[in-house]
Amino acid sequence: MAAYHPDMVKEGRAQLGFNLRDLAVNLPGAFFIYRADDGKILFANRELLRITECSSMEALIEFIGREVKGLIAPEDYAEAVESCDQQVGDSDDAVAHMDYHVITKETHKRIYVHAVAHMVKNPYFGQIYYVILSPKPEQK
């Protein structure tokens with residue numbers, strides 16, 4: 001492995017053997033992507049579907065209404081948004097850390113998660129957040 005240099009010879013470099021879809025679907029962590037302006041979820045991986053007890057992306061959309069607001073427990077939403085806004089500010093490339101609950105579809109369990117949200121400017125969607133969720137023990 002070496003850092004890219006324009007004069008590098010392309011021969012002899014092995015292909016990774018998987019594509020971005022394989023990576024997104026098979027990562028062992030829950031993540032989703034949403035637009036900052038309207039909260040619309042653009043993508044969710046299989047692990048997020050498992051955590052929320054949704055059988056498909058369509059089931060997740062039906063359950064949460066397609067917006068990130070529906071994913072976060074109602075009593076945690078305002079605090080999560082405020083915390084995210086304070087951490088991100090006016091930046092076009094910032095990271096925020098938040099803790100909140102996600103409520104599952106079938107059993108209505110409350111899963112306490114730590115979220116890491118990376119906000120970036122995307123040429124097609126404007127400002128978007130890439131969010132990774134990690135379940136964590138409840139705080140006492």
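Author: Happy to. Keep in mind that this is a predicted model. Let's begin with Phe-43, which is partly exposed at a relative accessible area of 29%.

Reader: Which side of the cut-off is Phe-31 on, buried or exposed?

Author: Buried means under 20% relative accessible area. Phe-31 has 14% relative accessibility, so Phe-31 counts as buried.

Reader: How do I read aromatic pairs here, and how many are there?

Author: You look at the distance between ring centres and at the angle between planes: under 30 degrees counts as stacked, over 60 as edge-to-face, and the rest as tilted. The count comes to three aromatic pairs. One of them is Phe-31 with Phe-43, a tilted pair with 5.7 Å centre to centre and 35° between the planes. Phe-31 sits in strand S1 (residues 30–35) and Phe-43 in strand S2 (residues 41–44), so this pair ties together parts twelve residues apart in sequence.

Reader: And which pair is stacked?

Author: Tyr-34 and Tyr-129: their ring centres are 5.0 Å apart and their planes at 15°, so the pair counts as stacked. This one links distant parts of the chain, with Tyr-34 in strand S1 and Tyr-129 in strand S5 (residues 126–135), 95 residues apart. Both tyrosines, Tyr-34 and Tyr-129, are buried.

Reader: How are S1 and S2 arranged relative to each other?

Author: S1 and S2 run antiparallel and are joined by three bridges. Across the pairing, Phe-32 stands opposite Ala-44 in S2. The hairpin of S1 and S2 has five residues between the strands, and Gly-39 there takes a positive phi near 75°.

Reader: How many salt bridges does a search of the whole structure find?

Author: Five. Compare a local case with ones that reach along the chain. Arg-50 forms a salt bridge with Glu-47, with 2.5 Å between the closest N and O atoms. Arg-50 and Glu-47 are three residues apart in helix H2 (residues 46–51), so about one helical turn separates them. Arg-50 itself counts as exposed, at 54% relative accessibility.

Reader: And where do Glu-75 and Arg-110 lie?

Author: The side chains of Glu-75 and Arg-110 meet in a salt bridge at 2.1 Å, N to O. Glu-75 is in helix H5 (residues 74–88) and Arg-110 in strand S4 (residues 110–122), so to speak a link between distant parts of the chain, 35 residues apart. Arg-110 is partly exposed, with a relative accessible area of 40%.

Reader: What about Lys-136 and Asp-99?

Author: Their side chains meet in a salt bridge too, at 3.2 Å, N to O. Lys-136 lies in the segment after S5 and Asp-99 in strand S3, so the pair ties together parts 37 residues apart in sequence. Lys-136 is partly exposed at 26% relative accessibility, and Asp-99 is partly exposed at 33%.

Reader: Which residues are linked in a network of salt bridges?

Author: Arg-35, Asp-37 and Asp-38.

Terms used: Residues numbered from 1 in each chain as written. Predicted model: local features only at pLDDT ≥ 70, side-chain atom pairs only at ≥ 80, totals over all residues. Heavy atoms only, no water. Phe/Tyr/Trp six-rings, centres within 6.5 Å; stacked < 30°, edge-to-face > 60°. Helix = DSSP H or I, 4+ residues; strand = E, 2+ residues; numbered from the N terminus. Buried < 20%, exposed > 50% of the residue type's maximum accessible area, 1.4 Å probe, protein only. Pairing = 2+ DSSP bridges. Salt bridge = Lys/Arg side-chain N within 4 Å of Asp/Glu carboxyl O.
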